[in-house]
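Me: Hi! Could you walk me through this structure in plain words? I'd like to start with the surface.

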Amino acid sequence: MRFARRFLAVGSLATAFDVGLVLLMTIVVGWRPWLADALAITLATLVSFFGHQRVSFAASPRKRWYRHPARYAMASTLAGLTDVAIVALITREWIDVGTARLLAVKLLSLTVAFGIRLVLFRRDMFDAIRADQQAPIARPDAPGSVRLSLVIPAYGEEDGIGEAIARVESALGHLRLDGGFELVVVDDGSSDDTAGAARAAGADHVIRLEQNSGKGAAVRAGVLAASGRCIAFTDADLSYSPEQVLGLMQQVEAGWDVVVGSRRHDDTRTLVEARRLREIGGRVINFGTSIVLLGQYRDTQCGLKAFRSDVAQVIFEHTRINGFAFDVEVFHLVERYRFTLLEVPVEVVNATRSTVNVARDALRLIRDLFRIRADARAGRYDLEVSDLPPTLQARVRTLVD
């Protein structure tokens, strides 16, 4: 927990400096509390800014907050004025300013000011993240021997995978004569013969994991084995008709690094409604992603996503989550590595055949959200420009420069 230690050390130093200077200038020197507070909060803000910029957030997307001193100064000014106003309002009639009473007031004002900083921080970081993602960019052609690879993770799908493959072939098979297409099925350690059924149905590549590891592990294995210039994945129940993959592929070919389906998009059509419990669970999960993500995405868990091949390689080489939270981890890495991202509407058929247990998987996802935060703070997602394929180096910059 290197980040936690650094953040706590810098924050504690700035807070101790702030509180200590207020007490010193008020109790010892005899200044009015609001005047002492104004001086203390100004100097403590400088300590906090330079400390976090150079120490705490040295390798995090959140460091972008500290690369814009004007925004930081504006937020700090508003929070500081609130801090001083609270101290001045409460202590204006005091004749005897005791240490304990002044300390209690100062801690109250610090708490309110922190809340203001947090709200402004989230708003400005949303703007910064979206600015990175907002438009496609010109890059050299993505590497790959075929135009599109579609990855389907499957678990216990022996009876249904053949029909799914037939539908995919009907929708996308024409690409075999138009740039090339491959279908990659990953059997996530099924107890039945999902892998054999997929081979018999004509999947181009079938990967079988030795044990059931989770959707994230299956998608990772498929993506890293794929050879397409665009790599997409979707669920085995085909809740999103395979024809929709073509639209995502075209957006990737137009210059977007990552294109994701969104069930919350204004133009999304839902042909068969999800069960109420699953709908509520999805909304709770999307709310919980604010623990990790700064970009305020409408739908992180949609099972239809597409990537440039070199971008997919970088992202999935660094993913660590095997369960359903892997989607959130992917969004975090998009933010961290400054890839572009487009949310598009989808047409949804919520199939009755599903391996998702809402209550169980929601709890696991929330647990994994905290794991993503911990891994980020520990530097496990850090990379250098030299770690990237040459096709990406011109755009992506490390967050420690």
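Reply: Happy to. One term to begin with: buried means under 20% relative accessible area, exposed means over 50%, and partly exposed is in between (1.4 Å probe, protein chains only). This is a predicted model, where local features need pLDDT of at least 70, side-chain atom pairs count only at pLDDT 80 or more, and totals for chains, interfaces and linings use all residues. Residues are numbered from 1 along each chain as its sequence is written, and side-chain values use heavy atoms, with hydrogens and water left out.

Me: Thanks. Is Val28 buried or exposed?

Reply: Val28 is exposed, because its relative accessible area is 61%. It lies in helix 1. Helices (H or I, at least four residues) and strands (E, at least two) are DSSP runs, numbered from the N terminus.

Me: Which residues make the nonpolar surface patch?

Reply: Val28 is one of them, and others include Phe17, Trp31, Trp34 and Phe50; the patch covers about 1000 Å². Patch residues have over 30% relative accessible area and no salt bridge; like charges are joined within 9 Å, and nonpolar side chains (Val, Leu, Ile, Met, Phe, Trp, Tyr) within 5 Å. The areas come from the Shrake-Rupley method with a 1.4 Å probe, and for residues only the protein chains shown count as cover.

Me: And which helix gives the most to the patch?

Reply: Helix 2, with 6 residues. Helix 1 (2-28) and helix 2 (33-56) each supply at least two.

Me: Switching to helix 3: how far apart are its end C-alpha atoms?

Reply: They are 32 Å apart, which agrees with the 33 Å that its 23 residues (69-91) should span at 1.5 Å a residue. The expected span is 1.5 Å times one less than the number of residues. Buried residues in helix 3 include Tyr72, Ala75, Ala79, Asp83 and Val87.

Me: Now the strands. What does strand 1 pair with?

Reply: Strand 1 runs parallel to strand 4 (residues 228-233), with 5 bridges, and it pairs with strand 2 (residues 181-187) in the parallel sense over 7 bridges. Two strands pair if DSSP finds at least two bridges between them. Leu148 has Cys230 as its bridge partner in strand 4 and Phe181 as its partner in strand 2.

Me: How many of the residues in strand 1 are buried?

Reply: 9 of its 9 residues (146-154). Strand 1, helix 5 (residues 161-172) and strand 2 also make a right-handed β-α-β unit. Right-handed here means that, with the strands pointing away from the viewer, the path from the first strand over the helix to the second runs clockwise.

Me: How many salt bridges are there?

Reply: The count comes to 19, where a salt bridge is a side-chain nitrogen of Lys or Arg within 4 Å of a carboxyl oxygen of Asp or Glu. Asp18, Asp37, Asp83 and Lys106 are linked in a network of them.

Me: Which residue does Arg147 form a salt bridge with?

Reply: Glu253, with the closest N and O atoms 2.7 Å apart. Arg147 is in strand 1 and Glu253 in helix 8 (residues 244-253), 106 residues apart. Arg147 is buried at 18% relative accessible area, whereas Glu253 is partly exposed at 43%.

Me: What about Lys305?

Reply: Lys305 forms a salt bridge with Asp327, at 2.8 Å between the closest N and O atoms. Lys305 lies in strand 7 (residues 305-308) and Asp327 in helix 11 (residues 326-337), so the pair ties together parts 22 residues apart in sequence. Both residues are buried.
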